[in-house]
Amino acid sequence: LLVAMATVVMEQIGRLFINAQQLRQIPQLLESAFPTLPCTVKISDVPRVFRERHILTGYRQTDQSWRYYFLTLFQRHNETLNVWTHLLAALIILVKCQEISETVDFLRDPHAQPLFIVLLAAFTYLSFSALAHLLSSKSELSYYTFYFLDYVGVSVYQYGSALAHYYYAIEKEWHSSVQGFFLHTAAFLAWLTCFGCCYGKYARHDLPKFAHKLLQVVPSALAYCLDISPVVHRIYSCYWEGCSDPIVSYHVYHVIFFLISAYFFCCPHPESLLPGKCDFFGQGHQIFHVLVVVCTLIQIEALRTDFTERRPLYERLHGDIAHDAVALFIFTTCCCALTAFYVRNRVRASLFEKKE
């Protein structure tokens, strides 16, 4: 009996030893599955177009295969955090959309279509942004192509937010003041944002820094002032009248987070104060990404609640304009995409002339 027990114990120890050896081989298997990526390089080793102010290292090499840039999703470089923040947020939006669709009929309920549009627009801008930060380092043309795509996503999200705010968050008094021009002006400003950002990116090395920022920031600021006006009016009315609507607090946080994120978008802090110290983590643009994600998630939660609880009001105010608003969303998206495609062709022709 003792001999049999000893044999069993030795067999178990042998199995544990084999399993331990197999576990030690896992890193080697992963290394063979994901080949070693080229090291990141310094700012002096990449063309001028890829250089970011105050970011001195962590750049990826250009002119590699597409597979290389997709695999850099799992590499430490100066865009890693920018990719993952918006990629994870895009997945969260998909989960929220699936969750909401269990109780909301987006297809047959016309009053639910603006909510679907803002969810779609949020997913679009987040996923396009993640692609831009992941794939733009391949070549100069890829750089402009993917960032122009990013600007299309931003513009689409601007109009989607304007529509949702106008539809669900607006008060009767503000609706009577802006109903004649709100959505059409929001669509025009969304297109203007796309054009300004694309052209500003294309001509940024030929323009003074002030003019470059003017092209990229002013249209977006004008669009935001219009898009958020129903929310701001509702917040003001609520606090002036002493209301206790808990959703107004969500809208307040939404506005606050956006304004803070806008600061980090416009000002390269803290990397300008600590050059080379924030190359991988802590860049102002990374902080902007995190804040704008929080802002978007709060906004969607507020609009989702407004959709449920304010239905009698917005049904009475808007009637059957939902279909027209959806058509205007499609038209705006097409205009932005065509504008980005046109400026990309200009870039392509310019790069071709340089090579010749």
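The backbone oxygen of Asn-82 lies 3.1 Å from a polar atom of the Thr-85 side chain, and the backbone oxygen of Leu-81 is 2.9 Å from a polar atom of that side chain; a polar contact here is a pair of N or O atoms within 3.5 Å, in which, within protein, one must be able to donate a hydrogen and the other to accept it, and residues adjacent in sequence count only if both atoms are side-chain atoms. The structure is a predicted model, in which local features need pLDDT of at least 70 and side-chain atom pairs count only at pLDDT 80 or more, while totals for chains, interfaces and linings use all residues. Residues are numbered from 1 along each chain as its sequence is written, and side-chain values use heavy atoms, with hydrogens and water left out.

Thr-85 belongs to helix α4, residues 80-101, where helices are DSSP runs (H or I, at least four residues) numbered from the N terminus. Thr-85 counts as buried because its relative accessible area is 16%; buried means under 20%, exposed over 50%, and partly exposed in between, with a 1.4 Å probe and protein chains only. Apart from residues up to four places away in sequence, Thr-85 touches His-289, Val-290 and Val-293, contact meaning heavy atoms within 4.5 Å.

Leu-119, leaving aside its neighbours within four places in sequence, is in contact with Ile-93, Cys-97, Ile-100, Phe-106 and Ile-300.

The structure holds 24 aromatic pairs, that is, rings of Phe, Tyr and Trp (its six-membered ring) whose centres lie within 6.5 Å, with planes under 30 degrees apart counted as stacked, over 60 as edge-to-face and the rest as tilted. Two tilted pairs are set out below.

| Pair | Centre to centre | Angle between planes |
|---|---|---|
| Phe-106 and Phe-116 | 5.3 Å | 50° |
| Phe-265 and Phe-288 | 5.1 Å | 50° |

Phe-106 is buried because its relative accessibility is 13%, whereas Phe-116, with a relative accessible area of 34%, is partly exposed. The other pair links helix α11 (residues 246-266), which holds Phe-265, to helix α12 (residues 284-309), which holds Phe-288, the two being 23 residues apart. Phe-265 is partly exposed at 36% relative accessibility, and Phe-288 is buried at 15%.

Phe-50, Tyr-143, Tyr-144, Tyr-147 and Phe-148 form one aromatic cluster. The charged end of Lys-201 sits over the ring of Tyr-147, 4.6 Å from its centre, and Arg-76 lies over the face of Phe-280, at 3.7 Å from the ring centre; a charge sits over a ring if NZ of Lys or CZ of Arg is within 6 Å of the ring centre and within 35 degrees of the ring normal.

An unreviewed UniProt entry lists residues 181-202 and 248-266 among its "transmembrane region" spans, in the numbering used here and with annotations that may be inferred rather than shown by experiment. In the model, residues 181-202 are 95% helix and 0% strand, with end C-alpha atoms 31 Å apart, and residues 248-266 are 100% helix and 0% strand, with end C-alpha atoms 27 Å apart.
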